[in-house]
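Open the model in your viewer and keep the selection panel at hand. This tour goes from aromatic rings to a pair of helices.

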Amino acid sequence: MSAVVLRRAAARDASAAAEVYLRSFTAALPTVVRPRSDDEVRAYFRDVVVPLRETWVAEDSASGAVVGLMVLAGDLLSQLYLDPDWRGRGIGDRFVALAKERSPQGLSLWTFQVNKPAHRFYERHGFVEAERTDGSGNEEREPDVRYVWRP
């Protein structure tokens with residue numbers, strides 16, 4: 001198994017990060033309707049996520065492929081997605097550790113109620129459920145859960 005390096009995303013990573021998001025979302029959330037087309041997602045990553053957010057990527061050091069991404073917005077862990085073929089290899093654990101390091105006072109995040117594997121993952125990392133909504137406040141209109149972590 002090759003090593004994976006976590007690093008800040010650069011402009012050149014936007015396309016690959018968007019593709020990881022698209023593959024991951026499709027695999028993990030097949031019942032959730034995405035409100036944006038694939039091309040709109042790609043443009044959002046290129047124009048907003050990578051240049052304007054604290055975006056991190058997981059890169060396979062053997063191939064140079066981007067296999068995961070994490071986006072932080074202050075104390076909000078706003079995105080964490082892994083290529084489906086790279087799940088279960090500890091990359092998500094490393095991203096959460098990095099997020100806690102970057103925001104040592106605490107973190108919050110949202111995940112969909114249907115995403116039970118994400119619930120188990122974040123709870124294993126010390127996050128606790130703080131709120132549930134009917135989804136009226138998110139673009140997908142999908143019921144969600146807010147989790148928080150405090151040191």
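This is a predicted model: local features need pLDDT of at least 70, side-chain atom pairs count only at pLDDT 80 or more; totals for chains, interfaces and linings use all residues.

Numbering starts from 1 along each chain as its sequence is written, and side-chain values use heavy atoms, without hydrogens and water.

**Aromatic pairs.** The structure holds six of them. Rings of Phe, Tyr and Trp (its six-membered ring) pair if their centres lie within 6.5 Å; planes under 30 degrees apart are stacked, over 60 edge-to-face, the rest tilted.

Select Y21 and F25. Their pair is tilted, at 5.6 Å centre to centre and 40° between the planes. Y21 is buried at 11% relative accessibility, and F25 is buried at 2% (buried is under 20% relative accessible area, exposed over 50%, partly exposed in between; 1.4 Å probe, protein chains only).

**Charge over a ring.** Go to W86. The charged end of R89 sits over the W86 ring, 4.1 Å from its centre (the criterion is NZ of Lys or CZ of Arg within 6 Å of the ring centre and within 35 degrees of the ring normal).

**Helix contact.** Which residues of α3 meet α4? Select G92, D93 and V96 in α3; they meet F121, Y122 and R124 in α4 (contact means heavy atoms within 4.5 Å). Finish on F121 and Y122, which are both buried.

Technical notes:
Helices (H or I, at least four residues) and strands (E, at least two) are DSSP runs, numbered from the N terminus.
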